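Colleague: I would like to learn how to read charged contacts and surface patches in a model. Could we go through them together, one feature after another?

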Amino acid sequence: MADTSDTRTPAQIEADIKRRRALLAETLDEIGMRVHPRTIVGDAKARVVSNVDHTLGRAYVQVNRVVTDVGARFLGDRGAARMDRVLPVALVAVGVAGLLVLSTRRRKG
């Protein structure tokens with residue numbers, strides 16, 4: 001048989017009940033704040049902003065890496081342009097631009 005005797009005084013029991021009620025009220029307030037629509041929307045916005053910031057940060061690093069790599073290919077050790085690499089790319093760019101101009105003139109004519 002279980003011992004059901006309580007050695008606490010009525011004042012101690014009342015104090016325990018008051019303490020427990022205060023804890024429960026605090027917990028209910030916390031739950032109410034968490035399930036409030038404004039809180040839910042605010043948390044969702046914060047997660048989206050965090051993900052966007054993270055994605056933009058990774059994109060910035062990638063772009064920076066590509067720019068650095070391209071710069072290394074077209075610039076020498078002292079920062080001067082390497083003409084053996086720049087000239088062919090410039091010629092191809094001019095050729096593509098010329099083809100685009102010619103193709104737009106043919107459509108109009």
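Colleague: Which residues form a nonpolar patch on the surface, and about how much accessible area do they have together?

Modeller: Before answering, please keep in mind that this is a predicted model. The residues of the patch are L28, I31, V35 and I40, and together they have about 390 Å² of accessible area. One of them, V35, is found in the loop between α1 and α2.

Colleague: Is V35 buried or exposed there?

Modeller: The general idea is that a residue counts as exposed when its relative accessible area is over 50%. V35 has a relative accessibility of 55%, and therefore it counts as exposed.

Colleague: Turning to charges, how many salt bridges does the count come to?

Modeller: The idea is a distance rule, in which a side-chain nitrogen of Lys or Arg has to lie within 4 Å of a carboxyl oxygen of Asp or Glu. By this rule, the count for the model comes to 5 salt bridges.

Colleague: Where do R34 and E30 lie, and what is the distance between their side chains in the salt bridge?

Modeller: Both R34 and E30 lie in helix α1, which covers residues 10–34, and they are 4 residues apart, about one turn of the helix. Their side chains meet in a salt bridge at 3.2 Å, taken from N to O. As for accessibility, R34 counts as exposed at 58%, whereas E30, with a relative accessible area of 39%, is partly exposed.

Colleague: Which residue forms a salt bridge with D69, and how far apart are the two in the helix?

Modeller: The partner of D69 is R73, and the closest N and O atoms of this salt bridge are 3.4 Å apart. Both residues belong to helix α2, residues 37–74, where a spacing of 4 residues is about one turn of the helix. D69 counts as partly exposed because its relative accessibility is 37%, a value between the cut-offs of 20% and 50%, and R73 is also partly exposed, at 45%.

Colleague: What is the distance between the closest N and O atoms of R82 and D84?

Modeller: In the salt bridge of R82 with D84 those atoms are 3.8 Å apart, which falls within the 4 Å limit of the rule. R82 is partly exposed, with a relative accessible area of 28%, while D84 is exposed, at 54%.

Terms used. Residues numbered from 1 in each chain as written. Predicted model: local features only at pLDDT ≥ 70, side-chain atom pairs only at ≥ 80, totals over all residues. Heavy atoms only, no water. Buried < 20%, exposed > 50% of the residue type's maximum accessible area, 1.4 Å probe, protein only. Patch = residues over 30% accessible without salt bridge, like charges linked within 9 Å, V, L, I, M, F, W, Y side chains within 5 Å. Areas by Shrake-Rupley, 256 points an atom, 1.4 Å probe, with all protein chains shown as cover.
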